[in-house]
Structures are given as C-alpha cells and as structure tokens.
Amino acid sequence: MAYSYFAVFDGHGGKQAAQMCRAALEEKMVDALGIIAKEEGVEDGQLEEAFQQLIPRALVRGCEAVDREYCGTHKHAGTTATVCLLHKQGDGVLLTTANVGDSHAFVDTHSQVIMVSVDHRLDTSREERERVKSLGGTVAQSAVGESNKG
C-alpha cells in the first residue's frame with residue numbers, strides 16, 4: 001500500500017519527545033493499521049480500499065502507543081505533533097491529518113487557506129478542557145507576571 005507520510009514535531013522541555021516521535025510514530029501507526037484491519041476482518045487485498053476508514057483509528061492508536069512508551073520514562077518533556085498522510089484514492093488523493101497539542105495543518109488551494117486540523121488548545125477549545133477534566137486533570141488560567149491570589 002503506497003502513501004506519503006509527513007510529520008512535524010515541536011518538542012518542549014527538551015527535544016527527546018520530538019525525536020522519539022520522529023523515530024517511532026509512523027511504525028506504530030502502520031502496526032496499528034494491521035491490527036485494526038484484522039479486528040475488522042479486512043483481507044490483505046482489501047486494505048487499499050479500507051485505508052480511508054481505518055487510518056484515523058490507526059493514527060490515534062499509534063500516538064497512544066508512543067505516548068505510553070515515552071511517558072514511562074520521561075515526565076518533564078513532551079511534543080506537539082502534526083501528521084499528514086497522502087494516499088491515492090480513485091482518481092484523486094486523500095489527505096488525512098492528525099494533530100496533538102497546539103499544532104495545526106493548513107492546505108493552500110491558491111484561492112484560500114483551509115485549516116485541516118483540530119484545535120487542541122485549552123484556552124480556545126471547550127472540548128479539550130472537558131477531555132482533560134474527564135481524565136482527572138485540572139485546568140487553571142494564569143498569565144505571566146500575575147500572582148495567583150485567592
């Protein structure tokens with residue numbers, strides 16, 4: 001199965017997380033794609049047709065696998081990630097994007113620029129704040145130079 005994989009990782013607290021994602025994410029995604037295809041009963045010859053339905057879940061599982069592996073040994077650094085996959089679909093090309101953190105993907109059509117990723121910033125995404133809270137996290141707002149009195 002042919003596809004093109006592009007990814008940008010922006011590490012914070014060090015470069016280790018970005019380097020690990022660069023080295024491991026695509027492989028974890030491909031492994032997850034094979035597992036999901038088996039779970040769904042997709043035969044080897046049908047993977048090309050099923051790619052569009054399976055790849056979003058494979059990207060999520062790949063990110064989760066890298067996260068589990070990395071978080072086991074590193075607690076004070078992380079990375080954002082923006083991943084784009086191009087895959088031939090019929091007479092056209094399918095673009096699938098995924099992002100983690102406050103990174104974004106855009107497509108320039110020469111007549112307009114379209115954001116093709118989802119905003120995961122806590123300060124702008126109610127859904128992301130609720131997701132963090134549902135996992136037991138706390139969301140607080142503060143500005144540089146302000147003291148937290150209260």
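**Close-up views of a predicted model**

**View 1. The cysteine sulfurs stand apart.** The sulfur of Cys 84 lies 12 Å from the closest cysteine sulfur, that of Cys 63, which is too far for a bond. For Cys 63, the closest cysteine sulfur belongs to Cys 21, at 7.1 Å, again too far for a bond. A disulfide is taken as a pair of cysteine sulfur atoms within 2.5 Å, and the search of the whole structure finds 0 of them. Cys 84 is buried at 18% relative accessible area, whereas Cys 63, at 22%, is partly exposed (buried, under 20%; exposed, over 50%; partly exposed, in between; 1.4 Å probe, protein chains only). The model is predicted: local features need pLDDT of at least 70 and side-chain atom pairs pLDDT 80 or more, while totals for chains, interfaces and linings use all residues. Residues are numbered from 1 along each chain as its sequence is written, and side-chain values use heavy atoms, without hydrogens or water.

View 2. Helices (H or I, at least four residues) and strands (E, at least two) are DSSP runs numbered from the N terminus. Buried residues of α2, including Phe 51, Leu 54 and Tyr 70, pack against α1, β2 and β3 (contact, heavy atoms within 4.5 Å).

**View 3. Helix α1 and its cover.** The 24 residues of α1 reach 33 Å from first to last C-alpha, close to the expected 34 Å, although α1 bends by about 45° at Ala 24. Ala 24 is one of the buried residues of α1, as are Cys 21 and Leu 25. The cover over these buried residues includes β1, α2 and β2. Just after α1, Gly 41 takes a positive phi of about 75°.

**View 4. The largest pocket.** A pocket is an open set of points on a 1 Å grid over the protein atoms alone, where a 1.4 Å probe fits, with protein on both sides within 12 Å along at least five of seven lines; lining residues have an atom within 4 Å of a point. The largest pocket holds about 1,000 Å³, the space filled by probe spheres set on points joined across faces, edges and corners. Its 37 lining residues include Cys 63, Thr 79, Asn 99, Val 100 and Gly 101, the closest to the centre. Helix α2 gives the most to this lining, with 9 residues.

Notes. Expected span 1.5 Å × (residues − 1). Bend = angle between axes of the 7 residues up to and from the residue.
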